Amino acid sequence: MAAAKSSSPNWFVIGVSAAVVVVLAVLAFVVVSLNNQATAPGAAPESNDSFNSETGSISFGDGEDTVAVFVDFQCPVCKSFEDQFGPALEAAAADGRITLEYHPIAILDRFSQGTEYSSRSAGAAVCVAESNPDLYLDYAKTLFENQPQENSSGLTTDQLADFATQVGATDAVSCITDETYRKFGAAQAKSNEIGGTPTVEINGERLNLQDQADLKKFTDLIS
């Protein structure tokens with residue numbers, strides 16, 4: 001009898017083990033789902049003659065050489081870069097010497113006290129690029145002129161929409177206030193493997209602007 005009893009299955013232990021397996025599976029599913037939601041690109045904007053929604057670029061000019069600039073509107077160095085090189089870039093594009101591409105991205109959300117200002121401002125810029133691409137440069141300049149301090153809460157979404165109205169991009173207002181493309185900038189940063197801004201490429205070749213040879217290549221092209 002003792003031998004028979006010891007060989008019988010312990011249904012309590014089996015039941016508890018099965019329940020643990022189910023709980024772990026559910027937890028794994030929840031974690032994966034949350035991670036997917038956090039990294040999902042969100043709504044996809046529509047392309048137009050100037051804006052390529054697949055690459056996230058807003059283009060100006062039709063020069064043989066393409067200069068791509070990836071910017072985060074929360075980035076102080078991006079503002080300095082635009083102050084220093086923006087006019088020359090725009091002039092080179094207007095003269096047909098280059099094709100200028102701007103890519104609004106988001107990598108600095110951690111510096112806005114949880115409000116994700118980088119993502120919201122990049123999304124707002126995409127709204128303008130989609131509906132009023134001819135006013136993108138005016139809007140981007142306004143964002144840089146009003147750039148909030150790092151580690152502040154940043155500008156509100158209503159302020160971002162007001163700036164669109166100020167530059168005449170009224171078609172973008174509802175898109176901005178709805179935060180339609182809030183996730184787009186972070187998704188573009190990830191897909192383009194951007195770890196710091198501004199990031200500059202010439203004909204797809206990524207430059208190191210701390211390197212004098214790369215800096216000269218860039219400045220010679222837009223001078």
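Colleague: Which residues does Phe-218 touch, leaving out those up to four places away in sequence?

Modeller: Phe-218 touches Val-67, Phe-81, Phe-85, Leu-89, Val-200, Ile-202, Leu-207 and Leu-209, where contact means heavy atoms within 4.5 Å. Please note that this is a predicted model, in which local features need pLDDT of at least 70 and side-chain atom pairs count only at pLDDT 80 or more, while totals for chains, interfaces and linings use all residues. Residues are numbered from 1 along each chain as its sequence is written, and side-chain values use heavy atoms, with hydrogens and water left out.

Colleague: Which residues have the most contacts inside the largest nonpolar core?

Modeller: They are Leu-89, Tyr-136, Tyr-139, Ile-176 and Phe-218, in a core of 55 residues. Helix α4 (residues 117-131) gives the largest share of this core, seven residues. A nonpolar core here is a set of buried Ala, Val, Leu, Ile, Met, Phe, Trp, Tyr and Cys residues joined through side-chain atoms within 4.5 Å. Buried means under 20% relative accessible area, exposed over 50% and partly exposed in between, with a 1.4 Å probe and protein chains only. Helices (H or I, at least four residues) and strands (E, at least two) are DSSP runs, numbered from the N terminus.

Colleague: At what angle do the axes of α3 and α9 cross?

Modeller: Helix α3 (residues 76-94) and helix α9 (residues 212-222) cross at roughly 45°, and their axes come within 8 Å. The two helices are therefore oblique to each other. On this scale, angles under 35 degrees count as roughly parallel, over 145 as roughly antiparallel, 65 to 115 as roughly perpendicular and the rest as oblique. The axes are lines fitted to C-alpha atoms, for helices over the stretch in contact, and angles run from 0 to 180 degrees between N-to-C directions.

Colleague: Which residues make the contact of α3 and α9?

Modeller: Phe-81, Phe-85, Ala-88, Leu-89 and Ala-92 come from α3, and Leu-215, Phe-218, Thr-219 and Ile-222 from α9.

Colleague: Turning to the loops, where is Asn-132 found, and is Asn-132 buried or exposed?

Modeller: Asn-132 is found in the loop between α4 and α5 (136-145), and it counts as buried because its relative accessibility is 9%.

Colleague: What joins Thr-197 and Pro-198?

Modeller: A cis peptide bond, with omega about -5°. Pro-198 lies in the loop between α8 (184-191) and β5 (199-202).

Colleague: What is phi of Gln-113?

Modeller: Phi of Gln-113 is near 55°, a positive value in a residue other than glycine. Glu-116 also has a positive phi, about 55°. Most residues other than glycine have a negative phi, and most peptide bonds are trans.

Colleague: Finally, what pLDDT does the chain average?

Modeller: The chain averages a pLDDT of 88, and 82% of the residues score at least 70; pLDDT is the predictor's confidence in each residue, from 0 to 100. Over residues 1-6 the pLDDT stays under 50, and the model has zero contacts there beyond four places in sequence.
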